[in-house]
Every structure is written in C-alpha cells, then in structure tokens.
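Q: Please walk me through how to read the structure shown below, one feature at a time.

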Amino acid sequence: MTDEPRKKPEDLRSHKWYGVKDLRSFGHRSRTAQMGFHRSDYAGKPVIAIINTWSDINPCHSHFKQRVEEVKRGVWQAGGFPVEMPALSLSEPFQKPTTMLYRNLLAMECEELLRSYPADGCVLMGGCDKTTPALVMGAISMDLPTIFMPAGPMLRGDYKGEFLGSGSDTWKYWAELRAGNITGDDWQDVEEGIARSPGHCMTMGTASTMTSAAEVLGLTLPGAASIPAPDSRHAQMAALTGKRIVDMVWEDLKPSDILTAASFDNAVTAVLALGGSTNSIVHLIAMARRAGIALDLKRFDALARKTPVLANLRPSGKYLMEDFFYAGGLRALLSQLDDLMDFGQATVNGRTLGANIESAKVFNDDVIRPRGNPLVASDGLAVLTGNLAPGGAVIKPAAMEPHLSRHRGPAVVFKDYNDMAARIDDPGLQVSRDSVIVLQSAGPQGAPGMPEWGQLPIPQKLLKEGVRDMLRISDARMSGTSYGACVLHITPESHVGGPLALVRDGDIVELDVQARSINMLVDEVELGKRRAAWRAPAPKFTRGYGVLYLRHIQQADTGCDFDFLETQEARRTAGGEPEIH
C-alpha cells in the first residue's frame with residue numbers, strides 16, 4: 001500500500017451513477033435492488049468491473065466460472081462491490097481465420113465496457129493468446145485502476161510415459177505421422193493426452209509469454225503468471241487479486257502510474273530470457289503505443305543482442321510451464337537478470353518489481369539456467385531487414401536448426417494458404433532441402449488477420465528423406481509453440497504491394513541472421529517491372545467489422561492496432577496526424 005492520500009467515497013467514479021440524488025440515479029439504484037442487492041452492498045464502495053473472457057468454446061478459460069467467484073470473494077472481503085462483465089472470448093484453438101483478427105475488437109469492447117458502466121477499477125481475466133494484450137490495450141486506453149489475473153498454464157501432457165507440450169509436440173508428431181514413422185493409433189494417443197486440464201498452453205507459447213510480460217510490466221500480483229491453472233494457489237491468487245484492486249481504487253493507482261519505457265524494456269528483456277513467442281513483438285508494440293511509449297523493432301533487436309535465454313522451455317528447450325513453476329517461476333528467472341532490468345519500476349501491489357522478487361530462488365537450475373550456463377547466449381529473437389522486408393521481419397534463432405542461420409536457396413512460392421495446402425505434398429513439386437518456401441497473402445490484410453500460418457509445413461517427400469527444418473518465409477505470424485527457421489511478419493505485407501508479392505519461383509533468397517538481413521537476389525530493373533505489373537487484390541470483406549478492420553489495421557511493425565486507437569504520442573512517433581478528442 002502507498003502512503004498517498006486515499007480517495008473519499010464521493011470521489012469515486014461510480015458516485016455519479018449511485019450517489020447523486022436525481023432521477024437517473026434513482027433508476028440505477030432501483031435496478032440494482034432488482035438484482036437482489038441492498039444499498040449497503042454498494043453505497044460508498046468501489047465498483048469493480050471483472051472483465052471475464054470465459055466461454056464454453058474457450059478451453060484455456062474453462063476454470064473462469066470458478067475463478068470469477070474467487071475474485072468476487074476478494075472484492076467483497078476488501079469492501080468493494082464486484083460486477084462481472086462477460087466479454088468476447090478469443091479462443092485460439094477454434095476461432096477462424098485467427099483470433100488476431102479480433103484482438104482489437106476485444107480491446108475496444110474492454111475499453112467501452114469500462115467507459116460506459118460505473119466502474120471504479122477493473123480485474124482483467126484472461127490468458128489465451130490474444131486475450132491478454134487485448135484486455136491490457138483496452139484498460140490502458142481507459143486508464144482506470146487495473147489488475148490482470150492470468151489464466152495460468154495447463155498441466156503437462158502425457159504420452160506413453162513422455163511429457164507432451166502444447167503445439168510443439170503437435171507439430172513434432174504430425175511430421176512423424178506424415179513421414180510414416182508413427183501410426184494413426186499413436187497419433188490418437190497424442191491427441192488424447194496432450195491437453196488434460198484447464199489452462200492455456202504449457203509451453204512458452206504466446207499465452208505464457210504475454211501473461212509473463214503482463215507480470216513484468218507490473219500489472220499482476222507477484223508470481224501470478226507462473227501458477228498452473230488447476231493449482232489451489234491459483235484460486236488463492238484470484239481472491240488476492242480481488243482484494244488488491246479495491247485498495248488500488250482508493251489509492252487511484254492506474255496503468256499510467258505504472259507503465260513506462262523502462263517497464264516495457266523490462267518486459268521485452270523478460271520475454272527474451274524466457275525464449276518467448278515472436279508474437280510478443282506485435283502485442284507489446286501495440287500495448288506500448290496505447291500508453292504513448294515508442295517501442296519499436298529496433299529496440300527488440302538491441303535488447304536481444306545482450307539478453308541470454310535462461311528458461312529451458314519448449315519450443316526452444318526441454319521443459320514445460322509446470323516444471324518452470326516448481327523451479328521457482330518467473331520471479332526466480334527475473335532474479336537472474338539484475339544487471340539487465342530496471343527493478344525500480346512500480347507494480348500493482350504498490351511495491352517495486354525488485355522488492356517483489358527479493359525472496360525468489362531457483363530450485364532447479366536446469367529449468368531456469370544460471371547466467372553462466374544459458375540455453376542460448378543471446379538472440380532469442382532477431383529482427384531482419386532487407387529488400388524483402390524493408391519495414392522489418394522477425395525470426396527465432398533459438399528454435400531453428402543452426403545451419404540455416406546463414407542460407408541461400410531458390411524460392412518455391414505459394415500465392416496464398418489454399419495454394420500451399422493444395423500443392424505442398426504434391427510429389428511433383430519442384431523442391432529440395434535447400435529450397436526456400438515462400439507464402440504470400442498471409443498478413444494483416446492478406447489472410448486476413450495475420451494468422452499463425454508461418455510454420456509452413458515441410459513437403460512430405462522431404463520429411464521422408466529426414467528433413468525436419470528448412471527456410472520458410474511469410475508475412476504471417478506463427479504460434480509461440482512452433483519452431484523452425486521461419487521468417488515471419490514480413491513488412492510491408494504482400495497484399496498491399498510489399499516486396500514479398502514480387503517473389504517468383506526460382507528467385508534466390510538469402511538469409512543471414514548474424515547480419516540481420518533477408519533479401520531476394522533479383523536486380524532492381526526486374527523488380528521494377530514486377531512492381532509495375534502488380535495489381536492490388538480485391539478486399540477480403542465487404543461488410544461489418546471486417547470492413548472497419550481493413551480500413552484501419554496497421555502493419556506488424558507498428559503492432560497491428562487500429563490507427564484511430566493509438567495515443568496522440570504514438571501517432572506523432574509514427575508520423576501521423578494527432579488524434580482529435
């Protein structure tokens with residue numbers, strides 16, 4: 001708790017709804033009574049909006065029906081009035097073409113729920129990939145006292161005595177099935193054992209990457225992001241989260257009091273040390289720009305060059321999130337990064353990040369490596385530029401076969417996902433292990449929504465030859481649970497005429513991770529001819545939210561937010577016109 005002056009009941013935002021003696025407030029109070037609440041339940045108390053992204057089709061959040069009751073219990077115990085508000089549930093396994101298409105819609109819904117109802121503060125309940133950045137983006141823009149409650153990872157998967165990890169082992173065993181090395185019955189055993197409890201992916205995929213980033217940003221209680229979803233300590237954390245948000249309202253502790261350029265540097269550094277998802281780049285940039293902070297690709301690359309990967313977690317390493325928690329969790333990992341982080345940054349519990357990790361210890365130094373024995377010395381992520389990606393691209397060197405870090409080969413080009421799906425396993429496809437597979441029209445507008453198509457499948461005939469990695473390039477994203485030599489987020493995307501649209505079969509493509517370059521070796525005269533012949537494809541949507549999306553979505557290097565949702569400061573950084581309020 002801080003020593004700052006506390007608000008008075010009449011200073012609460014909800015007082016305008018409940019505390020005024022007029023006709024409209026009469027309606028608010030009478031309708032609250034209609035729901036069974038007495039005036040003493042809410043009068044003069046902080047109203048806490050609990051933004052709950054539970055749904056029957058989101059397995060990552062299937063325990064939220066119970067967790068929301070625990071959050072409410074904490075709010076009641078602390079003297080607040082909890083109000084559960086269901087919000088759009090972005091279910092990564094089910095929603096097509098991609099949850100990324102709807103991240104900004106949830107961000108808008110979160111912001112507008114908080115703006116339009118009598119909320120004094122909020123608890124954000126999320127965890128499945130895009131849910132975390134969406135909720136945080138909306139809450140940053142509204143800037144009420146906010147605390148994030150992460151869903152937590154599921155338990156380890158099980159297959160014939162081996163631990164399975166979400167996504168990572170799916171791709172692994174799918175390749176073995178296509179290569180003929182396992183049977184259909186084996187594949188079914190994997191299916192039945194890989195996801196066996198509530199919670200999000202238990203690899204260091206996008207879900208754990210982003211909940212960990214939220215904790216390092218100071219938006220969760222200490223240690224909250226590492227607790228497995230079924231663990232009783234997760235239920236305790238939910239109740240404590242409910243208690244804390246009430247005090248945050250009285251203290252008026254808001255995201256704008258916590259989020260700084262240094263706190264975002266901390267989050268990026270932690271993501272890198274975790275071997276986190278490439279998706280974090282897009283999301284953290286969008287979150288920072290909502291806060292008026294100029295985080296960009298160059299900053300990611302600069303921090304990657306000096307940050308070791310210490311978390312031995314799949315897909316880059318060996319273990320899973322359950323092991324990570326038992327080894328000490330995120331707090332223990334942060335304790336290994338003292339010279340790389342600013343531990344003086346504020347957090348939601350009123351203490352600094354450094355104070356919150358003072359007692360942290362590592363209990364298994366193979367899961368959380370010491371600085372002298374990192375999983376990878378640096379470059380957990382790398383930002384590439386070149387004539388294929390003048391606005392930037394990203395690759396995850398820690399998750400690829402090292403021999404491909406410097407590679408040159410002929411392009412095998414697929415014009416879109418359907419073309420790739422139809423031809424990738426054609427025995428007649430002209431492809432070798434040295435080829436570079438290129439997928440076009442998979443970006444923010446092209447797919448649309450920039451789906452996780454970037455871990456392009458290896459042609460079946462090469463799988464049968466023993467090939468398990470090759471250079472693949474697209475303007476898509478890839479799952480944080482994925483691995484391989486995949487160049488992602490090519491900017492600008494092919495659908496808007498970016499250079500990726502100009503690649504043809506047989507063009508030589510060259511990657512050099514050390515030099516941070518990705519180029520096609522085609523002369524400028526030929527490229528000029530191709531550029532002149534290029535024609536913009538027809539829009540993917542003609543009505544509804546899709547039209548709004550296509551008109552306002554930005555490219556990956558600036559976070560794929562809508563241009564009208566950024567702060568004035570972020571738009572000035574990008575060279576745009578200031579936002580009008």
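**Reading the features**

A: Start with a cysteine: the sulfur of C486 is too far for a bond with any other, because the closest cysteine sulfur, in C201, is 17 Å away. A disulfide is defined as a pair of cysteine sulfur atoms within 2.5 Å. This is a predicted model, in which local features need pLDDT of at least 70 and side-chain atom pairs count only at pLDDT 80 or more, while totals for chains, interfaces and linings use all residues. Residues are numbered from 1 along each chain as its sequence is written, and side-chain values use heavy atoms, with hydrogens and water left out.

Q: How many disulfides does a search of the whole structure find?

A: The search finds zero disulfides. C201 is in none, and its nearest cysteine sulfur, that of C60, lies 6.0 Å away.

Q: Is C486 buried or exposed?

A: Buried means under 20% relative accessible area, exposed means over 50%, and partly exposed is in between (1.4 Å probe, protein chains only). C486 counts as buried because its relative accessibility is 0%. C201, at 23%, is partly exposed.

Q: What is the span of helix α6, and what is expected?

A: Helices (H or I, at least four residues) and strands (E, at least two) are DSSP runs, numbered from the N terminus. The expected span of a helix is 1.5 Å times one less than its number of residues. Helix α6, residues 131-142, has twelve residues; 17 Å separates its first C-alpha from its last, close to the 16 Å expected. Eleven of the twelve residues are buried, among them P133, L135, V136 and M142. D143 follows α6 and has a positive phi, near 60°.

Q: Which span does helix α10 have?

A: The end C-alpha atoms of α10 (residues 232-251) are 29 Å apart, which agrees with the 28 Å that its 20 residues should span at 1.5 Å a residue. In α10, 14 of the 20 residues are buried. At its start, a side-chain oxygen of D231 comes within 2.8 Å of the backbone nitrogen of R233. D252 follows α10, also with a positive phi near 60°.

Q: Where is V503, and which residues is it in contact with?

A: Contact means heavy atoms within 4.5 Å. V503 sits in the loop between β12 (486-491) and β13 (508-512), and it counts as buried because its relative accessibility is 2%. Neighbours within four places in sequence aside, V503 is in contact with L388, A411, V413, V438, Q440, M520 and R530. K415 is 88 residues from V503 in sequence, yet their C-alpha atoms are 9.8 Å apart.

Q: Which side chain makes a polar contact with that of Q455?

A: A polar contact is a pair of N or O atoms within 3.5 Å; within protein, one must be able to donate a hydrogen and the other to accept it, and residues adjacent in sequence count only if both atoms are side-chain atoms. The partner of Q455 is the side chain of W171, at 3.4 Å. Q455 lies in the loop between β10 (436-439) and α19 (460-463) and is buried, at 19%. Leaving aside neighbours within four places in sequence, its contacts include R472, Y483 and C486.

Q: How many helices and strands does the protein have?

A: There are 22 helices and 14 strands. Of the 581 residues, 59% count as buried.
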